[in-house]
Amino acid sequence: MPDAEQTSTLSADSDVLDDGTSSPTTKRTRTALKRTRKSARLAGGPAATKSEASVILTLMNRIAKLENFAITLSSKFEAQERLIKKLTSPTLPPTPALAAIPPSKKRTCALYADIVKSDPLATQVSARLELASSLRTLDEKSVVAVLENVPDNLQGNQSISDNIFLDKLCASCPSLPKPVLNFRVKCVSPTVECRPTKVKFSTQNDRDIFIRTFSKALRELPDRPATKRPIRVRRDMTRDELTLLRSLRKKCFEANQKAGEIRYFVRDLEIVQLTTPRPLPPSHVPVAPGQSA
């Protein structure tokens, strides 16, 4: 009778484990259970019960899910690393403007530097923290637009005038999303006549619509501000992107001066050629792109 009971148990376990849609991990579990029962029969011990087989199968399935989750996280991390390298790697050869930026003055403890040299894990953790910080920065900037050449009295009460200007602009164009916050960027140079204005929105989609619709809404505004240079808008950028932006604008300025007309302009870190060139403005007013992105 013991043999009959073991045969019945094996048959019941096979019903639980034999599934045509079983994953590789489930199939490995089934093979392992069969080997365990065979060893138990040869040794004269009790065979695995149906409940024990179910518990083992459940544990193996959970392990498989954890392995798949780890693989997914690893793939996402590699994709994020590639995105960061793509966004931060320079697309132009080194120029004097790029070389003029001083290196980071971050201080490193001598003891910590020795630990980093001897422990690869410290380097990996530091690199991942830096990557996470870059991702947070990109996420924060994804909902912010920057206005340039908006009139500025260089005083603390300029925000009141900026709020009035943005309210009138949004009221005149219903399709223009209304920002939730705006403030002037602090500039290092004392010769800057118009500090950039950062405009924050609730979503990235609202920010993108604002950038696409801003020029049209500004042209239709009856009492738009009188400025020496045209008011323009761009997305918020990192320090590396701002460095590249300055370099591209300088090259465009030189090319337009050489051509004697406005033939090129910069659109989101890309130089674009106009189909119909425009005449050069009568004068040039220096306007900083901002101390920070």
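Strand E1, residues 144–148, is largely enclosed by the rest of the structure, because five of its five residues are buried. Buried here means under 20% relative accessible area, exposed means over 50%, and partly exposed lies in between, with a 1.4 Å probe and protein chains only. Strands (E, at least two residues) and helices (H or I, at least four) are DSSP runs, numbered from the N terminus.

Before I continue, a word on the source. This is a predicted model, in which local features need pLDDT of at least 70 and side-chain atom pairs count only at pLDDT 80 or more, while totals for chains, interfaces and linings use all residues. Residues are numbered from 1 along each chain as its sequence is written, and side-chain values use heavy atoms, with hydrogens and water left out.

Let us return to E1. Both of its faces are covered: Val144, Val146 and Glu148 are buried on one side, and Ala145 and Leu147 are buried on the other. Which strands does E1 pair with? Pairing requires that DSSP finds at least two bridges between two strands. E1 runs antiparallel to strand E3, residues 197–200, and is joined to it by four bridges; there, Val146 has Lys198 as its bridge partner. Four bridges also join E1 to strand E4, residues 232–235, again antiparallel, and Ala145 is partnered with Arg235.

E3 in turn pairs with strand E2 in the antiparallel sense, over four bridges, and Asn182 stands opposite Val199.

I now turn to the nonpolar core. In soluble globular proteins, nonpolar side chains tend to be buried together. A nonpolar core is a set of buried Ala, Val, Leu, Ile, Met, Phe, Trp, Tyr and Cys residues joined through side-chain atoms within 4.5 Å. The largest one has 18 residues, of which Leu147, Phe165, Leu169, Leu176, Phe210 and Phe214 touch the most other members. E1, helix H7 (158–172) and helix H8 (204–220) are the elements that give two or more residues to this core. What does Phe214 touch? Leaving aside residues up to four places away in sequence, Phe214 is in contact (heavy atoms within 4.5 Å) with Leu147, Leu169, Leu176, Ile231, Arg232 and Val233.

Finally, the charged pairs. The structure holds 15 salt bridges, each being a side-chain nitrogen of Lys or Arg within 4 Å of a carboxyl oxygen of Asp or Glu. In one of them, the side chains of Glu148 and Arg232 meet at 2.8 Å, N to O. This pair links distant parts of the chain, with Glu148 in strand E1 and Arg232 in strand E4, 84 residues apart. Are these two residues buried or exposed? Glu148 counts as buried, at 2% relative accessibility, and Arg232 as partly exposed, at 29%. Glu148 and Arg232 also belong to a network of salt bridges with Arg234 and Arg249.

Arg235 forms a salt bridge with Asp268, their closest N and O atoms being 2.7 Å apart. Arg235 lies in strand E4 and Asp268 in the loop between strand E5 (262–266) and strand E6 (271–278), so the pair ties together parts that are 33 residues apart in sequence. Both count as partly exposed, Arg235 at 21% relative accessibility and Asp268 at 47%.
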